[in-house]
Amino acid sequence: MNLSDPTETFRQEARELLDQLEAGLLDLEQDPSNADLINSTFRALHTIKGSGAMFGFTAVAEFVHEFETAFDQVRKGQSAANGALIEVALDAKDHIHLLIETPETEIGGGDDILDRLRAVISGGAVPAAAPKPSIIEQAAKIEPVPAAAAATWRLEFYLPSDALIYGTNPLLLLEELAQIGPTKVTALTGRIPDLATLDPEVPHIGWRVDIEATDPTAAIDDVFLFLRDNMELTLTRLDTVEDLAALPAPAPMSVNAGPTVEPIAPAAPAPAPRAKAGPAAETADRAAASSLRVPAERLDELMDRVGELVIAQARLSQIAGLSSDTALKTIAEELERLSSGLRDTTMGIRMVPIGTLFSRFRRLIHDLSGELGKPIEFITSGEDTELDKTMIERLADPLVHLIRNSVDHGLESADKRLAAGKPAKGVVRLSAVYSGAEVAISVTDDGAGLNTARIRAKAEENGLIAPDAKLTEQELHHLIFAPGFSTAKEVTSLSGRGVGMDVVKRTIDGLRGTIDVASKPGEGSTMTLRLPLTLAIIDGMLVRVGNGRYTIPLAAVEECVELPEGIEAHAKGRNFLDIRGALVPYLRLREVFGTTADPEPHQKVVIVSSGEGRVGLVVDQIIGNNQTVIKQLSKLHSGIKSFSGATILGDGTVALILDTAHLVASGQSYVDRNITGRAA
Amino acid sequence: MSQTQEHMPSSMTALTIRLDDELFAVEAGRVREILDLVPITEVPNAPDFVGGLINVRGRVVPLADLRVMFGMNRPEPDKDTRIVVMEVDMDGEPTIAGILADKVHDVTDIEAASIEEAPRVGMRWRPEFIRGIGKRNGGFIIIPNMERIFETPGARTAPVAASEERSAS
């Protein structure tokens, strides 16, 4: 992304605004009378319109303008924010999104949406209950402007006092106004102060412009796009030429002068007599946001630099450790403290609360609920849980799949639920919690649970398992992640095409995470994703196997024990350790890596865990803890599953990082094979 | 990359390196730097061709041994051994890799006229790995087809996964 490309900046901003808009609309569905929500929704729309026009997205600006006009009725309390309105508004939001993402293509359907929107608005109008409209509004309602008839409009405006400083040229504005229709311009000089107090940088002159046009409101709006917020502006429709003449020239506009249609100016602290209070919220909300928009690449670059610093610092510490120079030792320690602080801060910058992701799913649930006719309650928790930004981005798709799956396959129809003695409304829960150095994200539904019999039948049919294969419940559950697997009898637009769950698995693997499935027939199922907090730097435990040094993510390490001597002799190939009564399988990394160097006489076992499983890794030596900057392996080594990456040690050599999830899985399958083998 | 018949290379500025007892030419423009031998971290279960990783200024870079691909002898590293860090296209993606060279000679221009297509027969190397053969001072210089050599990681890693499976169980 090029930061200097204003269009891209606009897109980015618009995306966020659209998200806000969507969230606002969904909230509004729950709480239709909340004025704050209505206002914030309106503001989001308004900003999109303004910046859309500014960056040449005219289609966007026009559409949003119509949308805004319709929605204004809601804001004024003349129409209620009911379900139907929210539905259309969401469609409209999607349409805006399309317009913004692909401005060069023609996108139809906009008018249709607007028609629906207007229909809903007028249908839902509550004239009797409406808050007492002001004189202006009444006038406007009683005497709507005949659409086709041209009329003379009187526009009077005073520019904000800082307009000249920011480079506004009043002449250009007048020229733009002249393009709307034939104009007659008069300068209002009444506010020019004495020469002594005159500030030449402040525009003291106001302008009265009489325009002949059918309805110049929108066009005028556009002309003053950048100035509107602080300027005084009134627009009135003059019916006859007599009216024009009758008005005292320099006097401020009177409300009674004619049927005023929608005064443009928002709250202006000016003496302009306006019967209606402007949308005060608009100004109130302009509190300075103290956050900064930074391209993600710069953060990545910063992270890389910090990574290099950590490596350099590790080398310095190593040299200082060997030296007897206390001054050097002091500074090395100082630097270590500083660099680890810098590391934490930098990683903190990249952390984003997962709530930003969760809010996207509310729309998904809303749509799914409508499409499938299943009433759904969506509950989220742990929105504050922070995860690396890249991770959050890459989690979006897998979570969409999991949620769809829960809604489509998990939740039963309302009738079936009632028959099973459950409330008609199904519940889908999305939660995130920290667990150690991992984050566990789970999608839970209170549906029918996984149907193991059907999974087995389907897997046999697809040739994924042998017909008489003995599988544990857990293994059966995991079959749903096999490529090409789907138990849905019919393909719906949502799921059942057999793609999806395997993609979920692959994405999560790619993030060094794991998936657990728990399911109880009749009670529902839970899919839990366990993910490392960050992809960049972790604490590691350095071990030696043969001549090679390897790093084990410290978060995965449970404990270290000595490998009992002579265990080979009576184990007879069964590689299990007794850890306080629990059988833990172990892998000899020397064998896994094909190491030929002589083994240490006293081998150590590092017990690592991932999800539910545990495995012991037999190593020659445990060297110690270190900060590990994770470097991805190139494609040349992507086929080697035992390693999740590499890191650079203090002495400048490269050490591989063990992929504990993979090792635990291979250890676990070893257990299952042996236990089933013995049982058979 | 799926093109079977590459164009004959035009004139090139090449870095000449020696592998075993043959002279090779790699495109000088893609060479990032030439390093003395650095500690190499062995990647267990990786194919011999890319069996190691090295640290190049804080970057973890795979080390490739072209001699494996050409079925050559692999003499032990000596004082002439160097690592040529260069950009190679891996399935169309530029990747930094180190190439082990028994000796690095010089940078030279190879005239288009002196480059011939590799003969399809009578060669002890797989012809698809060779883009052409240049002549200089009465000797031959092999111009390897780096894109081809670094392509198809799937084919190379398949037996690895199998061996890993075996040792894991």
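In chain B of this predicted model, residues 24 or more positions apart account for 57% of the contacts with a separation of 6 or more, a contact being defined as heavy atoms within 4.5 Å. The secondary structure of chain B comprises 3 helices and 12 strands, where helices (H or I, at least four residues) and strands (E, at least two) are DSSP runs numbered from the N terminus. Of the 169 residues in chain B, 50% are buried, a class that requires under 20% relative accessible area, with exposed meaning over 50% and partly exposed lying in between (1.4 Å probe, protein chains only).

Residues are numbered from 1 along each chain as its sequence is written, and chains are lettered from A and ligands numbered from 1 in the order in which they are written. Local features need pLDDT of at least 70 and side-chain atom pairs count only at pLDDT 80 or more, whereas totals for chains, interfaces and linings use all residues; side-chain values use heavy atoms, with hydrogens and water left out.

Between the two chains, 29 residues of chain B are in contact with 26 residues of chain A. The area buried between chain B and chain A is about 2300 Å², of which carbon and sulfur atoms give 66%; buried area here is the accessible area (1.4 Å probe) that two parts lose on being put together, summed over both. The side of chain B that touches chain A draws at least two residues from each of strand S4 (41-42), strand S5 (52-56), strand S6 (59-64), strand S8 (93-101) and helix H3 (153-168) of chain B. The largest share of this side, 7 residues, is supplied by H3(B). By class, the side of chain B that touches chain A consists of 14 nonpolar, 9 polar and 6 charged residues, with Ala, Val, Leu, Ile, Met, Phe, Trp, Tyr, Cys and Pro taken as nonpolar, Asp, Glu, Lys and Arg as charged, and the others, Gly among them, as polar.

Two residues of chain A are described individually. A:His46, found in helix H2 (residues 35-54) of chain A, is listed by UniProt in an unreviewed entry as "modified residue: Phosphohistidine", although such annotations may be inferred rather than shown by experiment. Because its relative accessibility is 16%, A:His46 counts as buried. A:Asn405 lies in helix H14 (residues 389-410) of chain A and, at 15% relative accessibility, likewise counts as buried. Leaving aside its neighbours within four places in sequence, A:Asn405 is in contact with A:Gly410 and A:Met501.
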